[in-house]
Amino acid sequence: MWEYTDKLKDHFFNPRNVGEIDDPDGVGEVGSLACGDALKLTLKLDENGRIKDAKFKTFGCASAIATSSVLTEMIKGLTLDEADKVTNKDIADYLGGLPEQKMHCSVMGREALEAAIENYRTGGKKKHELEGRVVCNCFGVTESEIARVIRENNLTTVEQVTNYCKAGGGCGGCAGEIEKIIEKIHGDKVKEVPALVPRWAGKLTNIAKIQLIQQTINEQIRPVLRPHGGNIELIDVEGNKVIVAFRGMCAQCRLAEFTMKDVVEAKLREFVSEELFVEEDKESAQQPHNHRE
Amino acid sequence: MRTVYFDNNATTKVADEVAEEVGPLFCELYGNPSSMHTFGGQISRRIRQAREQVAGLLGCEPSEIIFTSGGTESDNAAIKGTLAAAPNKRKIITSRVEHPAVLTVCRELENHGYTVVELAVDKQGRFDLRQLEEQIDDNTALVTIMYANNETGVTFPIDELAELVTGRNVVFHTDAVQAIGKIPLNLSKSNIDLLSLSGHKLHAPKGVGVLYVRKGTRLSPFMLGGHQEAGRRAGTENVPGIVGLGKACELAAKNIEQESSRIRYLRDKLENAILEKCPDSRINGDKENRLPNTTNISFEYIEGEAILLMLDKHGICASSGSACTSGSLEPSHVLRAMGVPFTAAHGSIRFSLSRYNTEEEVDYTIEKMPAIINRLRELSPFVANK
């Protein structure tokens with residue numbers, strides 16, 4: 001059971017400002033059914049450009065509904081410039097705090113607010129779009145969005161980033177990239193991220209190399225493929241050529257080639273030796289069809 | 001506030017008869033059954049009796065029962081113990097909808113060089129026996145398939161599976177934690193080699209379970225350090241747990257048929273009324289082959305945790321396969337394996353009943369449910385305004 005504050009429970013059981021404004025000045029829509037939460041925020045301004053009315057509709061858990069509800073209360077009476085300064089932390093603080101794993105609800109509130117303001121400023125034309133490079137493909141989170149939650153909430157671990165904006169919470173394939181973004185922002189502040197397997201110092205014997213390759217597959221590569229229902233098997237090592245076979249979902253996946261270079265080869269080079277390259281053993285695709293929709 | 005407990009696949013109330021039996025074992029009859037003195041020694045008789053009671057429910061020999069700390073330990077012991085006893089075989093076959101006590105163990109073994117095959121299920125959560133048949137080979141040490149699924153209640157044709165697997169000289173284990181006490185089973189007429197059950201799912205206390213090991217099945221002990229359970233599970237016996245489990249099995253054996261038809265009636269009434277009164281809802285899982293006590297219903301356009309909290313306000317306890325309830329971001333692995341769309345999986349609710357539920361509780365829930373669903377749909381951006 002989640003530890004929710006009384007204020008959060010109040011806003012969940014008695015949400016304020018539910019609905020849609022008929023002729024809104026700004027509309028912000030974020031999230032989706034597949035992601036597990038979504039929010040539609042509509043705004044109406046008065047003659048002085050202050051937010052006169054705000055309404056919401058939310059699909060999601062109790063904290064998603066409660067954060068949407070408080071958001072509408074917080075922004076009423078603000079100018080758009082003032083509203084633009086509201087951070088996800090402000091929303092969470094207003095509720096007396098959120099469980100760490102639910103912080104992404106407060107980020108969704110802030111995103112919807114921004115989208116609505118942007119929508120107004122572009123004359124109702126512009127819909128909210130992702131800006132910049134997408135880092136987390138599972139939840140569609142961009143680099144700039146990740147950088148922003150890191151800065152505004154002073155985050156230092158990938159797990160925290162996942163809690164705040166979902167990035168890294170699906171297949172986990174972007175964890176390395178998120179780590180790099182964290183490092184870039186905090187500079188030398190966080191350098192203690194330990195590498196799980198140290199690169200081999202000196203010359204690798206064949207046996208040590210094969211063991212290290214297997215260990216890297218077990219600890220670094222398989223966990224990335226697992227959430228997709230995929231798997232990988234080490235078939236053989238010939239000099240610097242590593243022969244592997246994809247199993248499960250990966251065996252039928254159209255992105256397998258990409259995964260091969262971008263995940264498998266990259267990890268093996270990082271953790272074993274720069275000289276390695278991978279090849280797929282196509283003949284051994286014999287796992288049953290593990291379907292998933 | 002009243003409590004309407006519809007979460008019996010999570011855990012159950014300890015039966016009054018069980019609590020009564022267990023009570024004196026804490027402060028009066030607290031001896032160690034291994035002791036030489038009469039005070040301790042008399043306890044071993046109680047354990048023997050419990051073993052007979054469990055064997056009675058399962059239709060096996062008392063010597064085939066090993067008491068453990070619960071379902072998770074039994075699953076771990078069955079899988080790892082079988083592999084240790086067959087060191088030259090390196091393949092395990094299981095299903096994608098297993099409980100984590102099986103699935104996580106198998107996936108960890110993959111890191112130790114084992115090949116793990118996770119068989120798929122269809123949209124109803126059913127199983128294609130041919131897939132299994134094709135996968136069994138000389139390298140296969142173990143097939144482990146659950147009897148009944150904890151989330152959907154869907155049951156697999158366990159006797160048929162056991163016959164097929166053991167016919168190929170492979171060990172067959174089943175996690176029967178959700179099935180025992182809810183549907184009848186007779187191990188003397190089945191080929192199952194290993195079976196796990198958990199006490200607290202059938203009105204015994206938490207912290208006790210059983211691993212059934214068919215006579216002649218090779219299994220390396222999992223826990224070492226004592227002679228208890230014929231050396232197959234060391235450690236001083238959890239006497240109150242074991243005695244309680246024995247009594248709970250006796251009660252289940254006596255009442256199972258009459259109870260399960262009553263529970264089925266209540267479940268069907270609840271399920272049918274909710275489907276009728278709440279539009280855009282659907283059952284997850286094969287209705288034909290299902291535990292009598294479980295229903296898993298998806299409500300489109302709304303989210304499970306929010307439904308649970310609204311139910312909780314009325315004292316109604318249920319559970320959900322939604323991502324938000326677990327703190328992960330993806331919904332239940334069982335519903336995803338069945339191809340239930342994310343949209344429906346996020347809004348799934350499981351009600352699981354027991355012999356202690358009443359028709360009045362079912363009626364009360366039927367009365368509360370539509371308003372909860374309507375309320376949340378009013379909030380949902382995916383439902384058009386009226």
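Analyst: In chain B, the domain assignment (bounds from an automatic or database assignment) gives domain 1 (4–11 + 255–384) and domain 2 (16–252). This is a predicted model, where local features need pLDDT of at least 70, side-chain atom pairs count only at pLDDT 80 or more, and totals for chains, interfaces and linings use all residues. Residues are numbered from 1 along each chain as its sequence is written, chains are lettered from A and ligands numbered from 1 in the order written, and side-chain values use heavy atoms, without hydrogens and water.

User: What area is buried between domain 1 of chain B and domain 2 of chain B?

Analyst: Contact means heavy atoms within 4.5 Å, and 26 residues of domain 1 of chain B touch 32 residues of domain 2 of chain B in this way. Buried area is the accessible area (1.4 Å probe) that two parts lose on being put together, summed over both. Carbon and sulfur atoms give 53% of the total, which is about 2,600 Å².

User: Which residues in domain 1 of chain B lose the most area to domain 2 of chain B?

Analyst: Three residues together account for 23% of what the domain 1 side buries. They are B:Ile256, B:Leu291 and B:Met338.

User: How many salt bridges does the rule find across the interface of domain 1 of chain B and domain 2 of chain B?

Analyst: The rule asks for a side-chain nitrogen of Lys or Arg within 4 Å of a carboxyl oxygen of Asp or Glu. Across this interface of chain B, the number found is zero.
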